[in-house]
Amino acid sequence: MRTAYHDALGDHFAGHAETSPYNAYTDRPAMLALAGDVSGARVLDVGCGAGHYAAELVARGARVVGVDGSATLLGHARARVGGRAELLLHDLEEPLGFAADASFDGALCALVYEHVRDRARLLGELRRVLRPGGWLLVSTTHPTADWQHFGGSYFSHDWRDLPLGDSGLSIHYQRLPLETFLGELLAAGFVLEHLTEPRPTAELREVDEAAYDRLHRAPSFLAVRLRRP
Ligand SMILES: C[S@@+](CC[C@H](N)C(=O)[O-])C[C@H]1O[C@@H](n2cnc3c(N)ncnc32)[C@H](O)[C@@H]1O
C-alpha cells in the first residue's frame, strides 16, 4: 500500500481536502453533481480519505461503505462520519473480499484511480460488486495538467512523485493519457454516460479569486460517470 496516504501525509491531506480550491471547490462539487440523487442507495466510497465524500453522501440519504489503505485517514474519516458509515482499512490492489456480488447501487472513486497499479483487477471487482444498472464515478488528475506539470511526452505513463506545496510531502501516482484512462474503463465493460472537466464553483471566487481564475483557465481534473450494464 505504498501509495496510500500514511501518517503525516494523511494528516496533511485531511486538512487540505477540507478547504482546498481543488478538492472542496472543484472535484467534490463536480462528482456530487454527477452522483445525482443518492437517497436510499448503497454506495461504495473507494479510497474514502478523510471521509468528506462519505459525510456528504450520508447527509444525502445514502448508505455508505468507505475503504482506504491509510489508517491515518480512516481515523479522520471516523471522526467526521462517526458510526453513520461503515469504514474499512483495505488495500485497493487486493480483491474487495468484504463485498458480495451486486451488493452496491453505486461506487465513487475520487482522485484514487491513478494511485492504483492493478486497475484492471480493481475495475473487475467494482463491476462484480455493482448491481446491473449501477453507476461508477471516477475522477482523476487531468492528463494535460500532468503534462504541464511534469513535461516530457503527453503520452508518458511514468509513475511520478508530486510534491505538495512546501510541506516536504509528496504523493505517488501514474500519469495516464486520456485514451488510457477512458480506454481502461470501457475495456472493463462500463458504459460512459457523462464526462466533465470540473471548474470551481462560484463560492471560490469569494475565498480565493486567483485560484478561481486559474482553475477556470486550465483544467486540473477529469470526472466521468459510467454505468455497469
Ligand atoms: C487524493 S486522496 C482522495 C481521497 C478522497 N477520495 C477524497 O477525494 O477526498 C487519495 C486516497 O487514496 C488512498 N489510496 C491510495 N492508494 C491506495 C491503495 N492502494 N489502497 C487503498 N487506498 C489507497 C489514499 O490513502 C488517499 O486516501
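Let's start with the sheet: seven strands form an open sheet in the order S3-S2-S1-S4-S5-S9-S8, and their pairing is mixed. At the edges sit strand S3 (86-89) and strand S8 (191-196), each of which pairs on one side only. Ignoring direction, neighbouring strands of this sheet are turned against each other by 15° on average. Keep in mind as you look around that this is a predicted model.

For a look inside the sheet, pick strand S1 (residues 42-46) and strand S4 (residues 104-110): the two run parallel and are joined by three bridges.

Now for the charged side chains. Side chains of opposite charge can pair when their charged atoms come close. With a salt bridge taken as a side-chain nitrogen of Lys or Arg within 4 Å of a carboxyl oxygen of Asp or Glu, the count comes to ten salt bridges. One to display is the salt bridge between Arg128 and Asp101, whose closest N and O atoms are 2.7 Å apart. Arg128 belongs to helix H5 (residues 119-129) while Asp101 is in the loop between S3 and S4, so this pair ties together parts that are 27 residues apart in sequence.

Which residues make the nonpolar surface patch of about 290 Å²? They are Leu178, Leu186, Leu192 and Leu195. Helix H7 (178-187) and S8 are the elements giving two or more residues to this nonpolar patch, and Leu178 has its place in helix H7.

Glu209, for instance, is found in helix H9.

Terms used: Residues are numbered from 1 along each chain as its sequence is written. This is a predicted model: local features need pLDDT of at least 70, side-chain atom pairs count only at pLDDT 80 or more; totals for chains, interfaces and linings use all residues. Side-chain values use heavy atoms; hydrogens and water are left out. Helices (H or I, at least four residues) and strands (E, at least two) are DSSP runs, numbered from the N terminus. Two strands pair if DSSP finds at least two bridges between them. Axes are lines fitted to C-alpha atoms, for helices over the stretch in contact, and angles run from 0 to 180 degrees between N-to-C directions. Patches are made of residues with over 30% relative accessible area and no salt bridge: like charges are joined within 9 Å, nonpolar side chains (Val, Leu, Ile, Met, Phe, Trp, Tyr) within 5 Å. Accessible areas come from the Shrake-Rupley method with a 1.4 Å probe; for residues, only the protein chains shown count as cover.
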